[in-house]
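I opened this notebook to keep track of what I looked up, one topic at a time. Come along and follow the entries with the structure beside you.

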Amino acid sequence: MAKVLVLYYSTYGHIETMAQAVAEGARSAGAEVDIKRVPETVPDGVARDNHFKLDQTAPIASVADLENYDAIIIGTGTRFGRLSSQMAAFLDQAGGLWARGALNGKVGAAFTSTATQHGGQETTLFSLITNLLHFGMVVVGLPYSHQGQMSLDEIVGGAPYGATTIAGGDGSRQPSKIELDGARHQGEIVAKTAAKLFA
């Protein structure tokens with residue numbers, strides 16, 4: 001049984017919802033799955049004033065946790081076309097794991113959320129994938145076996161590089177069925193890949 005970590009940072013809850021869907025997909029493939037989030041770096045008052053979702057129940061991860069998993073699926077919202085500072089600050093502390101090669105050969109994947117269709121989803125995924133490759137991980141995206149990402153019937157997220165959702169400029173749009181199906185599909189593929197590699 002593969003052991004999978006879904007590691008995320010979510011400001012308004014969109015990535016938290018996607019993380020749960022990713023975890024469902026990984027569990028459906030028989031994986032043991034933990035969902036953890038990275039620490040918030042914004043002062044509490046600023047977070048409250050800006051309506052951050054502060055009732056998230058996932059435990060806070062430590063960098064030391066990462067080497068305990070066969071696969072790590074990382075999700076964060078986009079900040080000007082790249083990963084959030086909260087996730088970057090967390091990953092930047094993993095130099096010791098990198099130096100020891102502790103993540104070499106493990107499976108990695110990425111998912112994200114933007115306010116708009118063209119808000120940097122793919123560049124954010126690549127900024128996460130760059131970290132995964134530097135850690136020596138085998139990267140799994142969201143293949144076109146998830147046909148929903150090709151839909152022209154509605155606005156949808158999704159890219160071959162990872163599952164995505166579009167939140168809307170005011171954050172009112174929640175992940176759609178197609179987007180959540182994509183997240184589940186990616187989680188399932190990651191878990192199956194890890195199971196094959198670590199059988």
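**Entry 1: ground rules**

I began with the word contact, which here means heavy atoms within 4.5 Å. I also noted that helices (H or I, at least four residues) and strands (E, at least two) are DSSP runs, numbered from the N terminus. This is a predicted model, where local features need pLDDT of at least 70 and side-chain atom pairs count only at pLDDT 80 or more, while totals for chains, interfaces and linings use all residues. Residues are numbered from 1 along each chain as its sequence is written, and side-chain values use heavy atoms, with hydrogens and water left out.

**Entry 2: helix α5**

I looked up which elements the buried residues of α5 pack against, and found β3, β4, α3 (85–91), β5, β6 (138–139) and β7. Buried means under 20% relative accessible area, exposed means over 50%, and partly exposed lies in between (1.4 Å probe, protein chains only). In α5, the buried residues are Gln-121, Thr-124, Leu-125, Ser-127, Leu-128, Ile-129, Asn-131 and Leu-132.

Next I checked the length of α5. The expected span of a helix is 1.5 Å times one less than its number of residues. For the 14 residues of α5 that gives 20 Å, and its end C-alpha atoms are 20 Å apart, so the two agree. Just after α5, I noticed that Gly-136 takes a positive phi of about 85°.

**Entry 3: helix α6**

Among the buried residues of α6 I listed Ile-178, Leu-180, His-185, Gln-186, Ile-189 and Val-190. The buried residues of α6 pack against β1 (3–9), α1 (14–28), β3 (71–79), β5 (107–114) and β7 (163–166).

Pro-143 and Gln-186 are 43 residues apart in sequence and 8.1 Å apart in space, C-alpha to C-alpha. Pro-143 touches Gln-149 and Ile-189, not counting residues up to four places away in sequence. With a relative accessible area of 34%, Pro-143 is partly exposed.

**Entry 4: the largest pocket**

Rolling a probe the size of a water molecule over the atoms shows where empty space is left. On a 1 Å grid over the protein atoms alone, a pocket is an open set of points where a 1.4 Å probe fits, with protein on both sides within 12 Å along at least five of seven lines; lining residues have an atom within 4 Å of a point. Grid points are joined across faces, edges and corners, and a volume is the space filled by probe spheres set on the points.

What volume does the largest pocket have? I read about 270 Å³. The pocket is lined by 18 residues, of which Thr-11, Tyr-12, Arg-79, Ser-113 and Ala-167 lie nearest its centre. α1, β3 and β5 each supply at least two residues of this lining, and β3 gives the most, with 3 residues.

**Entry 5: the second largest pocket**

I found about 200 Å³ of space in the second largest pocket. The elements that give two or more residues to its lining are α5 (121–134) and β7. The lining residues include Gln-117, His-118, Gln-121, Glu-122, Thr-164 and Ile-166.

**Entry 6: what the record says**

UniProt positions are given in the numbering used here, feature names are shortened, and annotations may be inferred rather than shown by experiment. UniProt lists residues 4–190 for "domain: Flavodoxin-like" (unreviewed entry). The end C-alpha atoms of that span lie 8 Å apart, and the span is 33% helix and 20% strand.

The UniProt annotation "binding site" (unreviewed entry) covers Ser-10, Thr-11, Tyr-12, Gly-13, His-14, Ile-15, Thr-78, Arg-79, Phe-80 and His-134. They span 125 residues in sequence, and the farthest two C-alpha atoms are 28.9 Å apart, so they do not all gather at one spot. Of these residues, the lining of the largest pocket includes Ser-10, Thr-11, Tyr-12, Gly-13, His-14, Ile-15, Thr-78 and Arg-79.

Is Phe-80 buried or exposed? At 86% relative accessibility, Phe-80 counts as exposed, and I found it in the loop between β3 and β4 (82–83). His-134 belongs to helix α5 and, at 57% relative accessibility, counts as exposed.
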